[in-house]
Amino acid sequence: MLVTGGAKRIGAAIARAFAGAGWHVVIHYGRSQTQAEALAAELPSAEIVSCDLEDWNEGPAMIAALAERLDDWRVLVNCAGVFDLDTAQELQPPVFDTAMQVNAGTPARLGQAFLAHARSPEGRRLIHVTDQKLLNPNPDFFSYTMSKHALAATIPMLSMARADPRDRIYGIAPGAILASHDQTEAETEVSHRMNLLHRKATPTDIAGAALFLAGGWLASGETIFVDSGQHLLAQQRDVLFLARQ
C-alpha cells in the first residue's frame with residue numbers, strides 16, 4: 001500500500017497501522033525525507049518515495065513507476081494535504097491555488113493513475129482523506145474547505161467510472177485530530193472535544209478506518225466520518241477559533 005504524506009502525523013499513523021497488519025508500506029514524502037527514512041527503518045516492510053504534489057506530472061509518474069514493479073498493489077491512501085488560512089471574506093489566490101492542487105487536483109490524478117496501472121487480484125482500494133467540514137462548514141480556511149469538497153466530489157465519480165467492479169473508492173472524513181495552524185496545547189485540548197461525544201479522535205482512529213476499508217467490501221463511493229460526531233454539529237467558526245473564545 002502507498003500512503004501520501006506518510007512520513008508524519010496522520011499519514012505516519014496509517015503507515016504504522018498497515019505495517020502492523022502485515023502490509024508492505026510505501027511512504028510518500030515531499031519535504032520530510034529524514035522522517036520518512038526513520039519511519040521506514042522502524043517498520044518490518046517499508047520503502048519511501050518522493051514527488052512534488054504541486055506538480056501535475058510528478059505524481060502520476062510516481063504511480064506508474066511503482067505499478068510496474070509492485071505485483072500486488074491493493075491500496076492507495078491520499079492523506080497528504082495543506083491547511084492554510086483564508087476566509088470567506090477574503091480568498092487568498094496563492095492559498096487557493098496550492099490547496100486546490102495539493103488537496104484535490106493531484107490526489108484525483110494519483111487516483112486515476114492508480115486505477116489505470118496498479119494490479120491486485122483482490123481488487124483495488126482508493127481512499128481519500130477529506131474532512132468533517134464537508135457536512136459542518138464554517139467560513140474559516142475557505143480555500144482548504146473548497147478543496148476538500150472538490151476531492152470529495154471525485155469519490156462517487158471515480159466509483160461510477162471504475163472498470164473493475166471489485167475496485168472500491170472511499171473517503172475518510174476526520175474531525176479535529178491534531179494541533180492545527182497556530183494552536184497552543186491548551187487550545188488543542190479544548191477544541192478537539194468540541195463534538196457530540198466530547199471525545200478526542202486520534203490518528204489511530206483514522207488508521208483503523210483505513211484498514212477496515214482496505215480489507216472489507218463496503219459499497220464503493222462511501223465516506224466514513226471519524227470525528228466523534230463533530231459533523232453533526234453546527235459550528236460557526238473553525239474550532240481553532242472557538243477554543244479561543
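Arg237 and Asp140 form a salt bridge, with their closest N and O atoms 2.7 Å apart; a salt bridge here is a side-chain nitrogen of Lys or Arg within 4 Å of a carboxyl oxygen of Asp or Glu. The pair links distant parts of the chain, 97 residues apart. This is a predicted model, where local features need pLDDT of at least 70, side-chain atom pairs count only at pLDDT 80 or more, and totals for chains, interfaces and linings use all residues. Residues are numbered from 1 along each chain as its sequence is written, and side-chain values use heavy atoms, with hydrogens and water left out.

**Salt bridges**

- The structure holds 13 salt bridges.
- Arg237 sits in the loop between strand 7 (223-226) and helix 8, and Asp140 in the loop between strand 5 and helix 5. Helices (H or I, at least four residues) and strands (E, at least two) are DSSP runs, numbered from the N terminus.
- Asp140 is buried, at 4% relative accessible area, while Arg237 is partly exposed, at 31%. Buried means under 20% relative accessible area, exposed over 50%, and partly exposed in between (1.4 Å probe, protein chains only).
- Asp164 pairs with Arg166 in a salt bridge, the closest N and O atoms being 2.8 Å apart. Arg166 is partly exposed, with a relative accessible area of 36%.
- Glu189 and Lys200 meet through their side chains in a salt bridge of 3.3 Å, N to O. Glu189 lies in helix 6 and Lys200 in the loop between helix 6 and helix 7, so the pair ties together parts 11 residues apart in sequence.
- Glu189 is partly exposed at 34% relative accessible area, and Lys200 is partly exposed at 30%.
- A network of salt bridges links Glu189, Arg193 and Lys200.

**The loop between helix 6 and helix 7**

- Leu197 is in the loop between helix 6 (185-191) and helix 7 (203-215). Leu197 counts as exposed, at 57% relative accessibility.
- Leu196, Leu197 and Leu232 make a nonpolar surface patch of about 320 Å². Patches are made of residues with over 30% relative accessible area and no salt bridge; like charges are joined within 9 Å, and nonpolar side chains (Val, Leu, Ile, Met, Phe, Trp, Tyr) within 5 Å. Accessible areas come from the Shrake-Rupley method with a 1.4 Å probe; for residues, only the protein chains shown count as cover.
- His198 is found in the loop between helix 6 and helix 7. Its phi is near 55 degrees, a positive value in a residue other than glycine. His198 counts as exposed, at 56% relative accessibility.

**A buried positive phi**

- Phe141 has phi near 50 degrees, a positive value in a residue other than glycine.
- Phe141 lies in the loop between strand 5 (125-129) and helix 5 (142-161), and is buried, with a relative accessible area of 0%.

**The largest pocket**

- The largest pocket has a volume of about 1100 Å³. On a 1 Å grid over the protein atoms alone, a pocket is an open set of points with protein on both sides within 12 Å along at least five of seven lines; lining residues have an atom within 4 Å of a point. Grid points are joined across faces, edges and corners, and a volume is the space filled by probe spheres set on the points.
- Among the elements that each supply at least two lining residues are helix 1 (9-20) and helix 4 (93-117).

Terms used:
1 Å grid on protein atoms, 1.4 Å probe; cavity = no way out; pocket = protein on both sides within 12 Å on 5 of 7 lines; lining within 4 Å.
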